[in-house]
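Have the sequence and the model open while you read.

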Amino acid sequence: MNDMSAIPEQNLNIMPSDTPARTVPPKTTPAKIPESLVRVGLQLLMVVVVLGLWELGVRLGWISAFLFGSPVGIAQYAGKSIMDGSLPYDTWVTVFEATLGFVIGTVVGSLLGLSLWYSPFIARTVEPIVVAFNSVPKIAFAPIIILWFGTGLTSKVALAISLTAIVALIAAYQAAKDADPDLQGLMVTLGANKHQIFYNVIVPSSLPAIVATFRINVGFGLVGAVVGEFISSQRGLGHLIFTASSLYDLNTVWVGLFTLMAVGFVLYFVIDWVERRLIPWKVMDHRQELRV
Amino acid sequence: MSAPPPKLSLQGIHKSFVAKGSALPVLNGVDISVAQGGFLSVIGPSGCGKTTVFNIIAGLLEPDAGTIHVDGEAVTNLRGRVGYMMQKDLLFPWRTVLENVLLGMELKKIPAAEARETAREYLNTYGLAGFENAYPRTLSGGMRQRVALIRTLISNPDILLLDEPFSALDYQTRLYLEGVLIEAVDTFKKTVILVTHDIDEAVALSRHVTVLSGRPTKVKANYAIDIQERTPIGARSDPRFHEYFHSLCAELDIQTRRKAA
């Protein structure tokens, strides 16, 4: 009980340690090849092996070039369509439709979801309607959307919006509801009004959840654009794939698919960049991952 | 000559919560009073409604009945007059240290340049120079609580309301921050209310202690702590410290001495 009085006088100057909790950068051993280089090498090797076996199988007659295409055929068509400008143009059309739909759907959906925080009454009223709408596979709306918006750009964008908006709305609303009540209380005692709490607490604390939907929604944006093009279109990667597969032109189909893959890949890194800009305080956490 | 009115006085505060359809009385006529520049601790058994008292003083809850006076003047709530600190540092993770400290002044629309100047002075005073642009996540618990203390002081509230602000910290850091708090309170002549279950901290820091009973809660006892030494360790070394400590433990029915002697 009496432990405090036992502390000698010279120890009374107690200071907490001021060293911030930073992680030490991993030590690099100069003799070894960096892990990342080995990883990229292995990844390339896997791709080369698969393509090589594929081409070999076609040459030896084990794989039907008619039903599966061949890597060399794919490369030839890719080269030709890049040179005549048709592949870049189709890619541009699809990327444009998907990105526009993704941006509009995500922004509008997130803003609506966040603003539901203002009125729990309205939120509870519309919640079952939103849930009901969300439980329909949105792709089933595609034929009507084509009927309403025609066969051009608008219908693809509308489809991408319908796929992305609800996801963003639900995530944003949930995140806004989950915002720390103690931070809101602190704002109240500092004399903040509802708009100031919304702007200073609700929006930033919901941002990580909203940014997380970007990753899902970028994919949905592409789904909307490609499915729209499948149903009715004159241009785009979906159009390319659909018409080529109805002609059993498998090499062209593969070019369309690989291009979509590349587009998705690039968009993933664009989202990564956006994430670092929007939530720098969160992105830092990745470096502190626990290694087990 | 009449004595000046207390800085803050709560009288006959009642508060019930509705749980499973029936009203659950939590506060049943609580009186709390603290003089200008005073340091009052409110302690009580767990579940006695300390948090409810905290929320009423913070202006986050309205009492069902009872009056609140500030400087002798009746008020409906204390919003904008009270600065509070909790066990959680409540720093905004998306704001840097400097931006966190600036929060109150932003809300008061104080010009940015002036606010930044003031914030930097405070950060220097409390040994946080060089961490202006760090996110709270990268700081130690003690540093985060210091930032929270600066944020509370810089918005210059009449009354500081503390809810076990240091109980999540290690003992050394805690003693250090208690010292910082006492010094700041004396420098800025603040009135402080500390809501806590920590008897040790209550005795070491405060001038007065109000003991609450179990639910439905009333005030059980008021103690004046007559320890001149104001440093956290000095106060704990005072011979009277343990007297107060044991009396307060007895008030809360905590057994501190062996029965058989």
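**Helix packing and domain layout**

In chain B, the centres of domain 1 and domain 2, taken over C-alpha atoms, sit 27 Å apart. This is a predicted model, where local features need pLDDT of at least 70, side-chain atom pairs count only at pLDDT 80 or more, and totals for chains, interfaces and linings use all residues. Residues are numbered from 1 along each chain as its sequence is written, while chains are lettered from A and ligands numbered from 1 in the order in which they are written.

**Domains of chain B**

- Domain 1 of chain B covers 1-78 + 159-166 + 190-261, and domain 2 of chain B covers 82-156; the bounds come from an automatic or database domain assignment.
- Across the boundary, 12 residues of domain 1 of chain B are in contact with 8 residues of domain 2 of chain B (contact: C-beta atoms, placed from the backbone, within 7 Å).
- On the domain 1 side, helix 1 (50-58) and strand 7 (159-163) of chain B are the elements giving two or more residues (DSSP runs numbered from the N terminus: helices are H or I, at least four residues; strands are E, at least two).
- Strand 7 of chain B supplies the largest share of that side, 5 residues.

**Helix pair in chain A**

- Helix 5 (residues 120-135) and helix 7 (residues 153-177) of chain A have axes that come within 11 Å and cross at roughly 140° (axes are lines fitted to C-alpha atoms, for helices over the stretch in contact; angles run from 0 to 180 degrees between N-to-C directions).
- Helix 5 of chain A brings A:A123, A:V130, A:F133 and A:N134 to the contact, and helix 7 of chain A brings A:I166, A:L169, A:I170 and A:Y173.

Notes
Two residues are in contact if their C-beta atoms, placed from the backbone, lie within 7 Å.
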